[in-house]
Amino acid sequence: MASRIGVVGIVVKGDRAVVSKMQNVLSEFADIIIGRMGVPREGVNTIALIVEGTQERISALTGRLGQFSDLSVKSALTSFEMSE
């Protein structure tokens with residue numbers, strides 16, 4: 001199955017207790033995360049993940065993160081497919 005490259009944007013707002021739970025999810029999906037950048041701000045933090053994996057695996061990551069009420073998650077996948 002072909003891999004796709006994309007970006008997952010995460011905004012952390014409200015209760016920062018969700019950060020450790022989010023980190024656990026990111027660790028579970030470390031195999032598809034090839035880059036990560038965080039920008040701390042007063043009251044709101046943003047994280048950009050560069051991901052490479054199957055569409056199903058990337059969707060599983062965003063679905064798990066989307067379950068947290070203090071996170072806002074959006075993804076953008078390229079149409080470029082990489083053969084494995």
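## Arg 4

Leaving aside neighbours within four places in sequence, Arg 4 is in contact (heavy atoms within 4.5 Å) with Val 51, Glu 52, Gly 53, Gln 55, Ile 58, Leu 77, Thr 78, Ser 79, Phe 80 and Glu 81. This is a predicted model, in which local features need pLDDT of at least 70, side-chain atom pairs count only at pLDDT 80 or more, and totals for chains, interfaces and linings use all residues. Residues are numbered from 1 along each chain as its sequence is written, and side-chain values use heavy atoms, with hydrogens and water left out.

Arg 4 belongs to strand 1, residues 3-13; strands are DSSP runs (E, at least two residues) numbered from the N terminus. Its relative accessibility is 17%, and Arg 4 counts as buried because the term covers values under 20% relative accessible area, with exposed over 50% and partly exposed in between (1.4 Å probe, protein chains only). The side chains of Arg 4 and Gln 55 are joined by a polar contact of 2.9 Å, that is, a pair of N or O atoms within 3.5 Å, one able to donate a hydrogen and the other to accept it; residues adjacent in sequence count only if both atoms are side-chain atoms.

## Leu 49

Leu 49 sits in strand 3, residues 44-53, and is buried at 0% relative accessibility. Beyond neighbours within four places in sequence, its contacts include Gly 6, Val 7, Leu 26 and Leu 61. Met 82 is 33 residues from Leu 49 in sequence and 18 Å away in space, C-alpha to C-alpha.

## Ile 34

Ile 34 is part of strand 2, residues 33-40, and is exposed, with a relative accessible area of 54%.

Terms used. Helices (H or I, at least four residues) and strands (E, at least two) are DSSP runs, numbered from the N terminus.
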